[in-house]
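Hi,

Here is the structure I promised to pass on.

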Amino acid sequence: MRRTISWHLLLSFLLFSSVIIGLFGWFSMQLVNSHFSEYVSERRTEEITGYTDEIEAVFAQTGSWDEDAIAVIGRQALQDDIILKVYDSQEQLIWSPSVMEEQENRQMMSSHMSQMSEMMGGTESEYTVTTVELNEGSRTIGSLEIGTMGTYFYTEHDVAFVSDIRNNLMIVALLAFALSLFFAVWIARKLSLPVFAVSRFTGEIAKGNYTEPAPKETNIVEIDALIRSVDSLSRQLDSQQEIRNRLSSDIAHEIRTPLTTLKGNLEAMLDGIWEPSNERLKICYDEVNRISRLIGNIDKINEMESNHEKLEFSRFDLQALSKKVVTNFTAVAAKKNIILAVTGEPLMITADQDKISQVLTNLLVNAIKFTPKQGNIHIEIHQEGDQAVLRVSDDGIGIDPEDQKKIFERFYMTEPSRNSRSGGQGLGLAIVKSIIKKHNGTVRVASDVGKGATFTVAIPLDQHRT
């Protein structure tokens, strides 16, 4: 049967408390019974020893048996539920209670034992007779027959004392259980309310309501950590939703523009307004290529992020690869009188050479695009610990601090108009991030507006082949 967390906590706490209280009460009662039984037994033994000593003292005073003195001792013993019979050394009876006295005393003992058994919960004892020698020094002067209801014969006061202890333990147990119930309810409520609040909060997130305020933090470390994690998740989902909305808009915009141009040109040629010349067909072809590149770049990112694309690891020199890629951009850089420089020592790494080449290419494309004429682009390669570091720096227009947080997102462009004129689609840095993430590395940017930008890529020297 399914229960709420409050019920689980409450029942668990009460069950634990009941077991502890029950065990404590049981052990306490067993301890009391054990020690009190020993006390009663020792007291009974002392009483019998006392009567024996008194009878021996009577003989020692006169050197003979004084029946009257012994009768006084015997009747006093009857009041303590002890039946005494005194015999001389010839085993002749000197004194014993009358038959009526003995019957009445045994009936009283039997009745008292029944009451004691009822009050003490099944305590039983039988009438027993023991015989001890009576001595004067080393000489035996007779024997004493002692009849009792056993050594664990409780008086009414003893029974009342033990009963009071049991009752008090029961009261303490009930009070402890009531107190446990109170604390169980309090703790269950204190722990469950924040969990319920987090549950409601996650329910709102599931509905797409990412603006719901997070529950208030408690003084419970684990619950506070859960609240912070769920709140962080909510903010990330809100951010992702914003990115998805903007992504849909950007994709529609990026595709709509070439499609509009393509459609207009085709309609003009179909209506006979334009001749289907090679130049106009080339314009249509370029627009189709633009759409193909856009879709291809999106596919590349999706493949990298979904782990569908396998990396082809090989051992190569990162510096040599950088110089090779820079050579491909020499002509483009020369048109703007941009100086390209590669520094650093040869550095062997294990990675996907084609993908790292694409990273360098995308970073250089951006650097050349935003570096003014007669600018400088510097590529530096070095090792830091067990990582290879590739740093691409330029002295271009720089990147605004707000843009630095978003430039690795798909379709994000710091200057949309300028990117549109230069054929940019806002996917180059997103591809860089996907490739470096696939290599278990990091990419970050540091920039001041008007002072250029520096992109730093760090990847492990050796990758685990998968």
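Going by class, the lining of the largest cavity is made up of 9 nonpolar residues, with no polar and no charged ones. Before you read on, please keep in mind that this is a predicted model.

A bit more on that cavity. The count comes to 1 cavity of 30 Å³ or more, and the volume of the largest is about 50 Å³. If you want to find the spot in your viewer, select Leu 318, Ile 356, Val 359, Ala 388, Val 389, Leu 390, Ile 436, Val 457 and Ile 459, which line the largest cavity. Three elements each supply at least two residues of this lining: helix α9 (353-370) and the strands β9 (387-394) and β11 (453-460). Which of the elements gives the largest share? That is β9, with 3 residues.

Ile 436, one of the lining residues, also turns up among the buried residues of helix α12, which spans residues 428-438. After α12 comes Asn 440, with a positive phi near 60 degrees.

- Glu 91 is not a glycine, yet its phi is positive, at about 65 degrees. You will find Glu 91 in the loop between β1 (83-88) and β2 (93-95). Is Glu 91 buried or exposed? Its relative accessible area is 66%, so Glu 91 is exposed.
- Gln 374, again a residue other than glycine, has a positive phi near 60 degrees. Gln 374 sits in the loop between α9 and β8 (376-384). With a relative accessible area of 64%, Gln 374 is exposed too.

Now for the surface. Leu 15, Val 19, Leu 23, Trp 26 and Phe 27 together make a nonpolar patch of about 540 Å². Leu 15 belongs to helix α1, which covers residues 5-62. Why does Leu 15 count as exposed? Because its relative accessibility is 57%, and the cut-off for exposed is over 50%. As a reminder on helices in general, an α-helix has 3.6 residues a turn, so residues three or four places apart point the same way.

That's what I have for now.

Cheers

Conventions:
Residues numbered from 1 in each chain as written. Predicted model: local features only at pLDDT ≥ 70, side-chain atom pairs only at ≥ 80, totals over all residues. Heavy atoms only, no water. 1 Å grid on protein atoms, 1.4 Å probe; cavity = no way out; pocket = protein on both sides within 12 Å on 5 of 7 lines; lining within 4 Å. Points joined across faces, edges and corners; volume = space filled by probe spheres on them. Helix = DSSP H or I, 4+ residues; strand = E, 2+ residues; numbered from the N terminus. Nonpolar A, V, L, I, M, F, W, Y, C, P; charged D, E, K, R; others polar. Patch = residues over 30% accessible without salt bridge, like charges linked within 9 Å, V, L, I, M, F, W, Y side chains within 5 Å. Areas by Shrake-Rupley, 256 points an atom, 1.4 Å probe, with all protein chains shown as cover. Salt bridge = Lys/Arg side-chain N within 4 Å of Asp/Glu carboxyl O. Buried < 20%, exposed > 50% of the residue type's maximum accessible area, 1.4 Å probe, protein only.
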